[in-house]
Amino acid sequence: MRAVVFDMDGTLLDSVPTVSRAYADAIRSLGGPPVSPDEVVAEWHVGHTELVLGHFLGRCGPAEVECFHAHLDPAIAKLRPFPGIPALLDELVDAGLRLGVFTAATRRVALSMLAAAGIDARFAVVVAGDDVERPKPAPDGLLLAQRQLGVPAEETAYVGDAEVDLGCANAARSLGVHARWGARASVRGGAHLVAAHPYDVLNLLVAPRSRPGDGMGAKATLRLRPADRQISCAHASEEGQP
């Protein structure tokens, strides 16, 4: 692999509860149906902010978008990456891989959230849902990220927590990696790989390398607490195991 592209919500950032609550509150305040955050998440596949709001409200213009941001923006400052994500990103860069993000969120939301989480500078490319016509699982956004990174599809992995992310990777003919630490339900087994913890991504994608002064190859590992190393990487066929 020469590049790794990440989904954002539920993969890099522990943001699904925050963002889905902002949608539910905005939809209700705009006179829409009393949807729950879980119901919003179930329909996230329709695309970026305007498409999600339009799906529930039957309309979406600047006023509806600003209402959504009035609910979301105060909470953005509290968002954080999942434990182990900053270390993973640093290790991947040290291993010579180029990093990007392809998210269904709008560019406005994506840049704000990545910056608030303190990880925006680690990515050479950010492709947002409103940069492409078709949402996931269509491959458009991932292919755009690959072109901007200058890396072909077959040398790129796409890491995501949802079924549409893995479908997107497959459609782009890239390697899909299920970010199981995000705990998104309804991800079926398949040809993709499974990472139970962020450090598993490194073990799956980076070849063993020699350490200075070491006469034998060693697998690169993340600097995580011993307690975080209890579950190793697994293939999709093992995904049903606890």
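What share of the contacts in the protein chain with a separation of 6 or more comes from residues 24 or more positions apart? The share is 67%. The model is a predicted one.

**Figure 1. Overview of the protein chain.** The secondary structure comes to nine helices and nine strands. The protein chain has 242 residues, and 51% of them count as buried. Residues 24 or more positions apart supply 67% of its contacts with a separation of 6 or more.

**Figure 2. Helix 5 against helix 9.** Helix 5 spans residues 85–94, and helix 9 spans residues 198–205. Their axes lie 8 Å apart and form an angle of about 20°. Angles under 35 degrees count as roughly parallel, so helix 5 and helix 9 are roughly parallel to each other. From helix 5, the contact uses Ile85, Leu88, Glu91 and Leu92. From helix 9, Pro198, Val201 and Leu202 take part. By class, the contact residues are six nonpolar, no polar and one charged.

Figure 3. In soluble globular proteins, nonpolar side chains tend to be buried together. Residues up to four places away in sequence aside, Leu92 touches Val4, Phe6, Leu97, Leu99, Leu202 and Val206.

**Figure 4. The buried face of helix 6.** Helix 6 covers residues 107–116. Val109, Ala110, Met113 and Leu114 are its buried residues. Viewed down the helix axis, these residues fall within an arc of 115°, so they line one face of helix 6. Their cover includes helix 1, helix 3 (49–57) and helix 4 (62–76). Strand 2 (98–102) and strand 3 (125–127) are also included in that cover. Gly118 follows helix 6 and has a positive phi, near 80°.

Figure 5. Lys136 and Pro137 are joined by a cis peptide bond, with omega about 10°. Pro137 sits in the loop between strand 3 and helix 7 (140–149). Ala171 belongs to helix 8 (residues 163–171). With its neighbours within four places in sequence left aside, Ala171 is in contact with Pro137 and Pro139. Ala171 and Lys136 are 35 residues apart along the chain, and their C-alpha atoms are separated by 9.5 Å. Is Ala171 buried or partly exposed? The relative accessible area of Ala171 is 39%, so this residue is partly exposed.

Figure 6. Arg173 is found in the loop between helix 8 and strand 5 (175–179). Although Arg173 is not a glycine, its phi is positive, about 65°. Most residues other than glycine have a negative phi, and most peptide bonds are trans. The relative accessibility of Arg173 is 72%, so Arg173 counts as exposed.

Technical notes:
Residues numbered from 1 in each chain as written. Predicted model: local features only at pLDDT ≥ 70, side-chain atom pairs only at ≥ 80, totals over all residues. Heavy atoms only, no water. Axes fitted to C-alpha atoms, helices over the stretch in contact; angles between N-to-C directions. Helix = DSSP H or I, 4+ residues; strand = E, 2+ residues; numbered from the N terminus. Parallel < 35°, antiparallel > 145°, perpendicular 65-115°, else oblique. Contact = heavy atoms within 4.5 Å. Nonpolar A, V, L, I, M, F, W, Y, C, P; charged D, E, K, R; others polar. Buried < 20%, exposed > 50% of the residue type's maximum accessible area, 1.4 Å probe, protein only. Arc of directions from axis to C-beta.
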